[in-house]
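Thanks for coming. I have one structure to go through today, so please have a look at it while I talk.

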Amino acid sequence: MIHLRQATPDDFPAIIGLIENAAAWLADKDTDQWQRPWPDRTARDARVMGGIEQRLTWVGERDGRVAATVTLTTAVQRELWAEHEPDTPALYLHRLVVHRDHAGHGMGAEIIDWAEARGPGLLRIDVWKTNESLHKYYLRQGFDFVGMSRLSGYPSAALFRRKMVTVG
C-alpha cells in the first residue's frame with residue numbers, strides 16, 4: 001500500500017529524481033520520451049515546481065521514501081484536447097511516475113484508482129507519442145485511446161481517457 005500526500009517544495013529534488021530515473025530507464029527502450037527535458041530543463045522544472053506550489057502534485061511514499069508522483073488538475077489544456085470533448089468535466093493526470101525499484105507491483109494502478117475517486121466524470125492523460133509500451137499500459141488500466149492531438153510540436157499527444165466508475 002502506498003501513502004499519498006501533497007508534495008511540498010522540499011519534495012522537488014525527489015520528484016525530479018523520479019523523472020530522471022524513468023528517463024534513464026527509458027533510454028534503451030523504443031521511445032525518445034524524456035531523453036531531454038521538454039522543451040528544456042528550465043521549463044520542465046518550472047512546471048514541476050508550479051504543480052507543487054499550486055498544491056496539485058502528490059507524492060507516494062513507501063518504506064519512508066518518495067516512490068511515485070502524480071499531478072492532478074481539472075484545468076483542461078484546450079489546445080491539446082480540442083477535438084476530444086474539452087468541455088466534458090475531467091480530472092487530468094500529469095507526470096505519473098513510479099520509481100523503477102517499485103515498478104511492476106501495482107503502484108501506478110493504485111495511484112490511478114486513488115485519482116479516480118477524487119475527480120469528476122473522466123480521467124484523462126496525455127502520453128508521449130513514441131512510448132507505445134506506455135500506451136499499452138494505460139489500455140490495460142481501463143483507459144481508451146481517443147486519438148492523437150493535432151497540437152503541433154507537443155510530444156505527449158497520445159490522448160487516453162477512462163470513464164470513472166460510479167458506485168451505488
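Pro-39 sits in the loop between helix 1, residues 12-26, and helix 2, residues 41-53. This is a predicted model, and in it the peptide bond joining Trp-38 and Pro-39 is cis, with omega at about -15 degrees. For background, most peptide bonds are trans.

Next, backbone angles. Most residues other than glycine have a negative phi.

One is Glu-85. Its phi is positive, near 50 degrees, and it is not a glycine. Where is Glu-85 found? Glu-85 lies in the loop between helix 3, residues 78-81, and strand 4, residues 90-98. Its relative accessibility is 48%, so Glu-85 counts as partly exposed; the exposed class begins over 50%.

The other is Arg-95. Phi of Arg-95 is about 50 degrees, again positive in a residue that is not a glycine. Arg-95 is not in a loop; it is found in strand 4. Arg-95 has 21% relative accessibility and therefore counts as partly exposed, since buried means under 20%.

Now the surface. Which residues make the nonpolar surface patch of about 280 Å²? They are Leu-139, Phe-145 and Met-148. Of these, Leu-139 belongs to helix 5, which covers residues 132-140. Leu-139 is at 44% relative accessibility, so it is classed as partly exposed. For the chain as a whole, the accessible surface comes to about 8,900 Å², and carbon and sulfur atoms account for 51% of that.

Last, the overall fold. The chain has five helices and seven strands. In sequence order the pattern reads β-α-α-β-β-α-β-α-β-α-β-β. The radius of gyration is 15 Å, close to the 15 Å that the globule rule gives for 168 residues, so the chain is as compact as a globular protein of that length. Taken along the principal axes, the C-alpha atoms fill a box of roughly 40 × 40 × 30 Å.

Two more values on the packing. Of the 168 residues in the chain, 46% are buried. And if you take the contacts between residues at least 6 apart in sequence, 67% of them join residues at least 24 apart.

To recap the local points: a cis bond between Trp-38 and Pro-39, a positive phi at Glu-85, another at Arg-95, and a nonpolar patch that includes Leu-139. That's what I have.

Notes
Residues are numbered from 1 along each chain as its sequence is written. This is a predicted model: local features need pLDDT of at least 70, side-chain atom pairs count only at pLDDT 80 or more; totals for chains, interfaces and linings use all residues. Side-chain values use heavy atoms; hydrogens and water are left out. Patches are made of residues with over 30% relative accessible area and no salt bridge: like charges are joined within 9 Å, nonpolar side chains (Val, Leu, Ile, Met, Phe, Trp, Tyr) within 5 Å. Accessible areas come from the Shrake-Rupley method with a 1.4 Å probe; for residues, only the protein chains shown count as cover. A salt bridge is a side-chain nitrogen of Lys or Arg within 4 Å of a carboxyl oxygen of Asp or Glu. Helices (H or I, at least four residues) and strands (E, at least two) are DSSP runs, numbered from the N terminus. Buried means under 20% relative accessible area, exposed over 50%, partly exposed in between (1.4 Å probe, protein chains only). The radius of gyration is taken over C-alpha atoms; the globule rule is 2.2 Å times the number of residues to the power 0.38. Contact means heavy atoms within 4.5 Å.
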